Amino acid sequence: MAPGLDNLKHIVVLMMENRSFDHMLGALKAVNPQIDGITDQLSNPDTTGALVKPQPLAEFQGQLDPDPDHHFPAVDLQIFGGDTSAGRVANMQGFVKSYFHQQGDVGHSQKIMYYFTPDKLPVLTTLATEFAVFNRWFASIPGPTICNRAFAHYGTSFGRVDMNLLYVGEPIKSIYDRLIGATPKHTAKLYYYDTTSSTMEITNLLQHQPELFGSYEQFLDDCEKENLPDYSFVEPNYNDHDGDSGAEVASDQHPDHNIQAGELFIASIYNAVKNSPLWPNAALLVVYDEHGGIYDHVVPPACTPDKFSASANDTGTGVPFLFDRLGVRVPAILISPWIPKGTVADRVFDHASIPRTIAKFFQVDNSSVSPRETSADVFIEPNAGVVDPARNLLSLDAMRTDCPEFDV
Amino acid sequence: MTVIHVPRPKVKLAMDTSRPVNSLLKVQIQHLHDAELKLPMALQTDIYINAIKTEGEAGKYIRRVTEAIGDAHAAAEARRTRPALKAKRVIEIAAVADEQAEQKRARASRKKNSTGKRRRKT
């Protein structure tokens, strides 16, 4: 018996932009040693050969400008330290070198090692210590945003390691198509911030507007009025703009957007779910799409190869990529009143775990999905048959009443 | 219940609509432009995307195309309901035709009967 799973009806995923685990949550190791964060042993060489240690000097804005390179060749350098030999081993030693390439400034390149102290990120660090933080959630690809977000929607990027997202006519359906096309039909929605920010999921925007899309305001309203769909995917504000109700600061936390604006946005999504009558029936995953070129110390593991591959030309490294290893580690937190405070999950996940979890939990057709999705682990157990208590993160017998709230 | 204070960014410092567009926004603009080219001409913008340099400019373009896509789908939905109206009209026409045919048959029957009567009379 798993009351948390019995009650669960709504899963919400909020995907932020371009920050690594160590950069955002690495300092929490000092709070809870189970969290695999920053230690004194970590460093990266700069281009002079000097070792640069991670330092708690990250600032909200103005530090990571220009935007650190996180396209496939740059991430390859970050992970392998510049070794291009056939038998190379990942060592996470190329981050400073990679950032140096952009300005040729040794001092500036060292900023890629900076991380936040918990007091600077009260929202993210509170959620990480109050609910379940994942020690091993990786980007799906060692590459940029769009192909990584594709894994969250489709369980694959159809062989792409770049920013091309025109997947119309591809053989694998998005998790949204699978949900709304299921019998019985499920409900799903992508909530973008507003029309000026819009979505990064333009294929679905083209095909399913307006059925699949809503705005941030509608998300708040749907939480309040108990209209949340079975599955919600929330997108932050991707650009600074003047909205209908005043200045709208980008909240995606993509460098060089303001970190505190993102904190406020995460807090508002959490508060909306927590203050909803649906709180006992909901789980919220906060996750980042990729590391944005920023330092993390954990070597991405190998994974089941996808059925697609990227050519040597497409990767830009001269070597093809079989989608057989994951990208750099990112922050990920699962939130529910049924999760014990201070949970730390050590199993390996990537964004393909999102459609895998949703499809299995809502029992929709899983027959035509990618090998990557099939092999991805689930972060919420399907509530069918016997549930393994060792795997179930929503493990409490009674709902918590001590969950925090943010003053937003 | 613990209430956690969340510091607000200083909007004047955080917000910069003249910030150059980052690589993600560039791609979003390009993909929306591809989508725009598939819209009916009347819904397309006259914005030259290669001239978009700042986040403020990007936002204006993104908003227009996103709303245009919504409008295109709304128009398609409206068109989808039109055949139903036509079908109703056809049914109505058919019903009227049936009614007329019925009346014609009735008239013919009456005429036939009256003729018969007349015949019988004669």
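This is a predicted model: local features need pLDDT of at least 70, side-chain atom pairs count only at pLDDT 80 or more; totals for chains, interfaces and linings use all residues.
1. Strand β8(A) and its partners. Strand β1 (residues 10–16) of chain A runs parallel to β8(A) and is joined to it by four bridges, with A:Val12 having A:Ser232 as its bridge partner in β8(A). The pairing of β6(A) with β8(A) is likewise parallel and extends over four bridges, and here A:Tyr191 has A:Val234 as its bridge partner in β8(A). In a regular strand the side chains alternate between the two faces of the sheet. In β8(A), A:Tyr231 and A:Phe233 lie on one side while A:Ser232 and A:Val234 lie on the other, and all four are buried, which leaves both faces of the strand covered.

2. An antiparallel pair. Elsewhere in chain A, strand β11 (residues 282–288) and strand β12 (residues 332–335) run antiparallel and are joined by four bridges; within this pair, A:Val286 stands opposite A:Ile333 of β12(A).

3. Helix α10(A). In this helix of chain A (residues 216–224), the buried residues are A:Tyr216, A:Phe219, A:Asp222 and A:Cys223. These residues are on the same side of α10(A) because they cover an arc of only 115° around the axis. An α-helix has 3.6 residues a turn, so residues three or four places apart point the same way. The packing partners of the buried residues of α10(A) are β6 (188–192), β7 (213–215), β8 (231–234) and α11 (259–274) of chain A. After the helix comes A:Glu226, which has a positive phi, near 60°.

4. The α3(A) and α4(A) pair. Helix α3 (residues 72–80) and helix α4 (residues 95–103) of chain A pack with their axes 7 Å apart and at an angle of about 145°. From α3(A), the residues A:Ala74, A:Leu77 and A:Gln78 meet A:Phe95, A:Lys97 and A:Ser98 of α4(A), and the residues of this contact comprise three nonpolar, two polar and one charged.

5. A loop residue worth noting. A:Ser197 belongs to the loop between β6 and α9 (202–208) of chain A, yet A:Ser197 is buried, because 29 other C-beta atoms lie within 10 Å, where 20 or more are required. When neighbours within four places in sequence are left aside, A:Ser197 is in contact with A:Tyr192, A:Asn237, A:Tyr238 and A:Asn239.

6. The contact between the chains. Chain A supplies 40 residues to the contact and chain B supplies 36. On the side of chain B that touches chain A, the elements giving two or more residues are β1 (3–4), α1 (11–14), α2 (23–37) and α3 (55–121) of chain B, and α3(B) gives the most, with eleven residues. By class, this side of chain B has 17 nonpolar, twelve polar and seven charged residues. Strand pairing also links the two chains, as strand β15 (residues 405–406) of chain A and β1(B) pair in the parallel sense over two bridges, with B:Val3 as the bridge partner of A:Glu405.

Key: Residues are numbered from 1 along each chain as its sequence is written. Chains are lettered from A and ligands numbered from 1 in the order in which they are written. A residue is buried if 20 or more other C-beta atoms lie within 10 Å of its own, exposed if 12 or fewer, and partly exposed in between; C-beta atoms are placed from the backbone. The arc is that of the directions from the helix axis to the C-beta atoms. Two residues are in contact if their C-beta atoms, placed from the backbone, lie within 7 Å. Two strands pair if DSSP finds at least two bridges between them. Ala, Val, Leu, Ile, Met, Phe, Trp, Tyr, Cys and Pro count as nonpolar, Asp, Glu, Lys and Arg as charged, and the others, Gly among them, as polar. Axes are lines fitted to C-alpha atoms, for helices over the stretch in contact, and angles run from 0 to 180 degrees between N-to-C directions.
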